[in-house]
Every structure is written in C-alpha cells, then in structure tokens.
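Biologist: Could you walk me through this model and tell me what stands behind each label you use? I would like every term set against its cut-off.

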Amino acid sequence: MAWLSANRKGGISHSPTFLSQSLCLIRMKKIIINIFCLFVVLTSCNLSNKENTTENEFTSEKEVISEELNSEEIDLSSIKPIIQGIWLPREYVKDIYKTQSAYSSHNAIPDIAEMQINPDDIKNDTLYVGSSLNNHEGYGFRIWFVKRNDQIIIESDVRNWDSDQSYSELKYKIAKDTILQLVTKNKIGIITDSIDYLRIRDKEFITQFGGLGFEYLARKILLDGTYEVFDSNKTSLGDVSFNADGASIEGFKHKFYTFQTDFIAGPSYSGDYIILRPNENDYQNTEAYVIQNISDTLVFFNTEEKVSDSDYEIVLKKEMYYLLKK
C-alpha cells in the first residue's frame, strides 16, 4: 500500500524486480561501450601499423631505387686518359715559349692557375683536383661526372665562393694538342669565361705541392741540357748537365735546380731566379741567382739590397757563373 500510495502521489519508485532489470541493462551498456572502445583502439593501432608498414615499404623502395642508380657506374675508361696529368693555362705556355722568361710571362697566369688531375683517385664518380690561385695561394676543388643525353659531363665546384652567380664545367678538345677547357656559365647558361689548359706532365708527377708544372716548364725552357760552366773569373769548371725532367744536375756542386715562378710575393729583383740546392730537400743551403741570357750566354748574378731613407731595391751585384750551351 505504501508503494501504491507513493505512485498515486506522483513519486518515482520501483519494485525490486524492476530495479534488478535496470541494473542489468546498465551493466550491459557499460560492457558494450567498453567493447566498442577496445574495438576503436585496436582498429586505430592496426591502421597505424599499416601506415607505418606502407611508409617503411615506400622508404625501402626509395633506398633500393637510389642504390640501383648509384650502382649504375658511369664508364670513365675513355675519359681518364684524356684528363689525366698536370695542366697549365695555354696562354701562359704560349707566352713563356715566346719570352723565354718565367718572370716576363707571369702576368699571363689566370686565377685558376694549374690543375693536377689523377683519375686513379676517383671515388663515387668524384675527384679532388689540386690547383692554385694565381700560382701563389694553395687551392683545390672537386669535379664529378654525370651522364646527360648519353654524354658524360664534368661538373665542378671551382670558384664556389661565386656559386650563387655562376657554375663551371670542364670540357675537352682532342686535336694536335689535347685541350682541357674550364667553362664558366651564369645561372641561365650563358658562357661568361673560359680558360684553355695544356697538359705539361703526366699524372705520375703529381704531388701534394702546387706549382710544379710551372717550375718544370721554366726548367725546360730556360735551362735544359749540357753546358760548359765558367766561374766568376771565367775559369772553366767543365761540362754540367741540367735535366729538366728530374730537376737534377750532374757535374756541379749542386745537384738540384728549379726556377722561381711565383712573383706575387716580394720584394725581389724583377727577373728570373734560378734556385740551386745540394739536393731537393736541403733548404738550408739554397743559393738563388738572377739568370739572364746575354749574347747566347747564360749569366748567373748574385744580388744585394740597396736601402736609403726614401727607397729600397734589390739590384744585381756580380756575375757568378757563365754557361755556354754545348
């Protein structure tokens, strides 16, 4: 009756059976919600794994493609013999043969003065090229080989300080003399500069030092062969042989010789200098003389400094040796 009375008054009340059924429904709803949440979580993880798997598969495919491209090496067998060696600017070579003077021709040396190329050192189609700036400051750059339209292109990072404005490539021409050409282009591909180089020596003579091509050429042009040598009193010292290839001397107290070819550093006498040493690495006992060709006689002069309050200069002092070609 109390239950009936409560219902009649509009109150809310339930029998024990009804309450039990309601609790069961609530528990079932919770179970369904938990199952649904678990399903969502599992589905998300599965999708994530599929996405990761797809990404990993895609990355692996890219790596395989990259490896296949890298493994397709460019055949450089025909180019290696062409580009190998020590190269000097053609204009300088022509000029020094004309002037017979390293000093007189040094203004013909461009900024990229020399190239030492040894194809045996190519790694992953890339090669370091030893060089120098104006035959004074040590320098080097890289070249690499790419294939375009069945042609091998030699690209470089030479003058990389100006890479936002230009880029450079090496080209070669095979004629009477093989020419290696350094071509510089602006960003739209117009040639703005080019330097032709001639091979002076083969790759076997490449070292870690720059300028050896210039010194070799100076020896070959200025002093190479056998001469009768006279001292300052013009007394004969006998025959002396100068070998430009090996920078060696036979029959004289000095066994090594070369020439100064870097005239940016100073001060010095305005002319050609020959450098003599007991051997190549004995720098402590080096002798240097100005060399001049006077009436087909090579004359070695020593020099002296003249200093005054307003002037300083290096002048010729005395004839030390006379050389007559045999």
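**Labels and their cut-offs**

Modeller: Gladly! The accessible surface of the chain comes to about 20,500 Å², of which 51% belongs to carbon and sulfur atoms; such areas come from the Shrake-Rupley method with a 1.4 Å probe, and for residues only the protein chains shown count as cover. This is a predicted model, where local features need pLDDT of at least 70 and side-chain atom pairs count only at pLDDT 80 or more, while totals for chains, interfaces and linings use all residues. Residues are numbered from 1 along each chain as its sequence is written, and side-chain values use heavy atoms, leaving out hydrogens and water.

Biologist: Why is Arg159 called buried?

Modeller: Buried means under 20% relative accessible area, exposed over 50%, and partly exposed in between (1.4 Å probe, protein chains only). Arg159 has a relative accessible area of 12%, so the residue counts as buried. Arg159 lies in the loop between β5 and β6 (166-173), and has a positive phi of about 55 degrees although it is not a glycine.

Biologist: And what makes Asn149 exposed?

Modeller: Its relative accessible area is 76%, so Asn149 is exposed. Asn149 sits in the loop between β4 (137-148) and β5 (151-156), with a positive phi near 50 degrees.

Biologist: How do you know that the buried residues of α4 line one face of the helix?

Modeller: Helices (H or I, at least four residues) and strands (E, at least two) are DSSP runs, numbered from the N terminus. In α4 (residues 90-99), the buried residues are Tyr92, Val93 and Ile96. Seen down the axis of α4, they fall within an arc of 100 degrees, so they line one face; that arc is taken over the directions from the helix axis to the C-beta atoms. The buried residues of α4 pack against β1 (85-89), α5 (102-105), β8 (191-201) and α6, where contact means heavy atoms within 4.5 Å.

Biologist: Which residues lie nearest the centre of the largest pocket?

Modeller: They are Leu212, Glu215, Arg219, Phe256 and Glu280, out of 24 lining residues. On a 1 Å grid over the protein atoms alone, a pocket is an open set of points where a 1.4 Å probe fits, with protein on both sides within 12 Å along at least five of seven lines; lining residues have an atom within 4 Å of a point.

Biologist: What gives the most to that lining?

Modeller: α6 does, with four residues.
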